[in-house]
Amino acid sequence: MATDDWPIESDGSNTLVIFGASGDLTRRKLVPALCSLFCKGSLPENLGILGVARSDLNDQQYRAMLRDSLDEEIARPTPEQWADFSSRVHYLHGDITSSDDLLQVRSKLLDMETGDRATNRLYYLSLAPSLYQPAIAVLGETGMADDTEGWRRLVVEKPFGTDLASARSLNEIAHSVFREDQVFRIDHYLGKETVQNLLVFRFANAIFEPIWNRNYIDHVQITVAETLKIDERGEYYDQTGVLRDMFQNHLLQLLTLVAMEPPHAFEAEALRNEKVKVLSAIRRIHPEDVALHAIPGQYRTYRDEGGVAPESDTATYAAVRLYVDNWRWQGVPFYLRSGKALRSKSTEIIIQFRNPPHMLFPLDEDEDIPANTLAIFVQPDEGFHLEFQTKTPEAGLQMRKAELEFHYHEAFSGQAIPDAYERLLLDALNGDASLFTRADEIEQAWSIVDPIIAGFGRPDAPRPYYYSEGSWGPVEADRFMSTDGRAWLQGGRAR
Ligand code: NDP
């Protein structure tokens with residue numbers, strides 16, 4: 001049965017089952033996003049929410065816990081709205097690895113499901129990644145994936161696997177229970193408005209696409225910088241590192257949106273086909289060559305963090321140069337970097353254009369005019385800056401930089417940018433997989449990152465370079481760029 005056969009608007013029931021209902025993600029993101037959607041009237045009238053975790057709570061206690069942790073930046077319900085919203089939220093304690101407990105969940109769902117039409121269910125795995133496989137297996141064993149009465153969809157949080165082999169094995173398990181069109185793998189970056197706006201910017205305007213290629217673009221920089229350290233997650237992070245945590249998913253997703261060919265339609269398969277083509281075209285870095293293409297870094301106090309091995313070489317920062325070997329991008333480097341404990345929290349994409357082929361205006365001997373840059377701010381302060389040269393009045397032919405700017409908060413003042421999870425939850429409920437990652441996409445991404453991780457682990461590879469907290473990463477990453485005759489840019493400007 002196609003997932004569209006049972007629409008969300010049906011007279012039957014739609015239930016979102018959150019496994020891991022008492023966890024951080026559910027409390028900080030999922031429930032506030034659902035509450036915000038509810039207050040805007042965007043959720044279907046007949047949606048029920050069932051939270052499942054092992055903690056022994058009743059409905060009232062669970063609702064009170066959710067209210068206490070509601071993030072008011074995402075949702076600000078009135079008391080009446082909260083009462084109405086929370087009356088749709090139920091809780092059942094159970095262990096996802098136990099068939100008996102899942103049978104209890106199934107009978108609770110049967111109690112909640114009303115009407116004589118479809119009984120649609122969205123299962124959301126907001127669980128530790130080690131529980132994804134057992135959870136999917138038990139959903140299969142207990143018949144909960146059976147979609148004869150209504151659609152069944154599965155949302156799987158990130159990370160999806162820890163390398164190519166584990167991602168493949170998770171895909172196999174998922175496909176043994178659900179069809180691919182029922183599986184929604186989350187990368188919450190894709191739910192961000194600016195990320196989607198990148199597609200509109202590229203493909204709803206005629207002026208950028210003709211210059212969006214190797215003839216006009218010198219290089220691309222993608223930065224995902226975090227100010228936070230690893231907090232309490234030392235043990236997890238020490239096994240993970242920045243390449244698994246940020247590159248395999250967010251950075252490569254941003255790269256695909258910058259580099260992809262125009263899809264023939266804004267529809268899941270067309271979009272994802274183009275993204276997979278970009279990932280397949282990325283030149284793989286051999287582990288023995290990793291030092292030529294990537295710089296690992298570690299913030300100075302990382303080894304003092306709880307749960308981190310005293311001699312740990314886990315990278316908390318990395319800068320990587322990738323090439324997309326296709327007609328459009330041949331020879332254009334994509335510089336990707338991400339790190340913890342950096343100076344500011346920001347996600348941005350810089351498109352650095354080439355210099356004009358011939359400079360007809362007189363320049364001083366040591367003068368160089370900066371090339372045009374387009375800065376795309378994904379967060380915070382979502383927007384775009386396009387830099388170009390203008391003439392300074394009454395100063396001969398002296399030039400200076402000017403900027404065209406667009407910022408969401410100015411353009412849509414008073415209108416809060418919805419949290420990424422609002423969009424993703426609604427899309428999953430509506431069966432639109434455009435902003436979710438397909439099985440082959442995940443596997444391609446791992447096949448790019450795995451050899452770099454292997455390279456960082458080689459005895460002859462450089463140990464991570466230290467950097468101070470609050471800096472922009474190790475100086476070696478600056479040297480890496482300057483060796484290429486380039487510099488890292490912030491907001492389109494050299495820092
Ligand atoms: P938490 O550890 O905070 O929550 C885990 C949840 O799983 C708890 O509700 C826990 O409740 C429940 N749980 C644990 N074991 C079982 C079990 N055997 N059966 C049923 N429930 C169980 O994790 P997070 O919420 O932080 O993360 C969840 C997922 O989301 C992870 O995969 C993470 O990588 C991903 N993620 C999280 C983000 C975040 O900001 N937190 C951001 C992006 C992704 P109990 O102990 O009561 O059973």
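L360, F361 and L397 make it, and its area is about 290 Å². Patch residues have over 30% relative accessible area and no salt bridge, and nonpolar side chains (Val, Leu, Ile, Met, Phe, Trp, Tyr) are joined within 5 Å. A salt bridge here is a side-chain nitrogen of Lys or Arg within 4 Å of a carboxyl oxygen of Asp or Glu. Areas are Shrake-Rupley, with a 1.4 Å probe.

A word on the source. This is a predicted model, where local features need pLDDT of at least 70, side-chain atom pairs need 80 or more, and totals for chains, interfaces and linings use all residues. Numbering runs from 1 along each chain as its sequence is written, and side-chain values use heavy atoms, without hydrogens and water.

Back to L360. It sits in the loop between β11 (346-353) and β12 (373-379). Strands are DSSP runs of E, at least two residues; helices are runs of H or I, at least four; both are numbered from the N terminus. Why does L360 count as exposed? Because its relative accessibility is 61%, and exposed means over 50%, buried under 20%, partly exposed in between.

With β11 it pairs antiparallel over six bridges; pairing needs at least two DSSP bridges. E348 stands opposite F377 of β12. With β13 (residues 383-391), β12 runs antiparallel too, joined by five bridges. There, I376 faces F384 across the pair. β12 and β13 form a hairpin with three residues between them, and D381 in the turn has a positive phi of about 50°.

F384 also belongs to an aromatic cluster, with F201, F208, F406, Y408 and F412. Rings of Phe, Tyr and Trp (its six-membered ring) pair if their centres lie within 6.5 Å; planes under 30 degrees apart are stacked, over 60 edge-to-face, the rest tilted. The count is 18 aromatic pairs. Take F38 and F85: centres 5.6 Å apart, planes at 55°, so tilted. That pair links helix α1 (residues 24-39) to helix α3 (residues 79-86), 47 residues apart. F38 is buried at 15%, and F85 is buried at 1%.

Last, charges over rings. The rule is NZ of Lys or CZ of Arg within 6 Å of the ring centre and within 35 degrees of the ring normal. R67 sits over W82, 5.5 Å from the ring centre. R153 lies over the face of W151, at 3.6 Å.

Definitions and conventions: Patch = residues over 30% accessible without salt bridge, like charges linked within 9 Å, V, L, I, M, F, W, Y side chains within 5 Å. Buried < 20%, exposed > 50% of the residue type's maximum accessible area, 1.4 Å probe, protein only.
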